[in-house]
Amino acid sequence: AIKDFKQRVAHDACVNVYTYSAITENLKGQKLVDMAQLVQEDIVLGFSDDGKGVQNDDMMDLAMQLAGNLDSIIVAHCEDESELHGGCIHEGHYAKEHHLIGINSASEYKQVARDLDIVRQYHNRYHICHISTKETVDLLHQARQEGLCVSGEASPHHLILTEDNIQDCSPQYKMNPPLRSKEDHQALIKGLNEKTITVIATDHAPHAREEKATSIEKAPFGIIGLQHAFSLLYTYLVKKNLVSLETILDALTVGPAQVLRLDCQIQEGSLANLCIFDLNEHFIIEEKDLKSKSANTPFLG
């Protein structure tokens, strides 16, 4: 799969593209991939079963140990499946009011706590995907205070929206992890401002129109996010004086580059991998302007 991906990148890519290897074969959590072989591929920057949490404690322990020996990074989608009961949105007031099964916060932070305890043993590199709960922010803050080589990211939608923004039980508001409470949202903003969270990543998840054209219970998780990430963050965080422009830019560029050990310098002789934005331009997000083949986003209009 990685060799095929590498060939497609060489043929089609207009920007630098990298990938993670899976941690376990077919993301099933049963058997580790050949990490020592896969890390030799220069397109592979780390290991992740993103979309699935590694449920077996011993499996994650071994993965961390091997990744540490290889000086590579484990990038974790933290989700304890024993805490899931078929939920579709956060276990909060909106779920109760609309008689929907909720997804609790423990499903995320329990695995984070487990993983950080393993990091304390091996002192390996470790990164948390799409943080959504205040407890996860607290756990990451403590681990970074201890000097562990750990980092974490938040997505634009978790930094902008909460369960209060969900409208009409629309599947466009269904993502994993779910939009959570105001308290969780405030913790994410605080974590970003205090540099506990040093990365913003879109968790871009396109779905075909017919996949989302069903009830919120049955629709797949995920929204698109790449095209308008900066514009949304600038409009809803920077212009509202919640987060500085510099913090947003760092979290979209320098932050991830440092986690993944990619060169990210603006100086003479470096590759000019630059984006230029007109901060005075105004536009409405409309489906006709989407570059993705998918339109599954709550930000239309």
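The second largest pocket in this predicted model has a volume of about 840 Å³. A pocket here is an open set of points on a 1 Å grid over the protein atoms alone, where a 1.4 Å probe fits, with protein on both sides within 12 Å along at least five of seven lines. Of the 30 residues lining the second largest pocket (an atom within 4 Å of a point), S231, L232, T235, Y236 and I285 are the closest to its centre. Helix α10 gives the largest share of that lining, seven residues. Helices are DSSP runs (H or I, at least four residues), and strands are E runs of at least two.

Elsewhere, the axes of helix α5 (residues 106-122) and helix α6 (residues 134-145) come within 9 Å and cross at roughly 10°. That makes α5 roughly parallel to α6 (angles under 35 degrees). On the α5 side, E108, Y109, V112, A113, L116 and R120 meet E135, T136, L139, L140, Q142 and A143 of α6.

As for the bookkeeping, residues are numbered from 1 along each chain as its sequence is written. Local features need pLDDT of at least 70 and side-chain atom pairs pLDDT 80 or more, while totals for chains, interfaces and linings use all residues, and side-chain values use heavy atoms, leaving out hydrogens and water.

Note on methods: Axes are lines fitted to C-alpha atoms, for helices over the stretch in contact, and angles run from 0 to 180 degrees between N-to-C directions. Angles under 35 degrees count as roughly parallel, over 145 as roughly antiparallel, 65 to 115 as roughly perpendicular and the rest as oblique. Contact means heavy atoms within 4.5 Å. Grid points are joined across faces, edges and corners, and a volume is the space filled by probe spheres set on the points.
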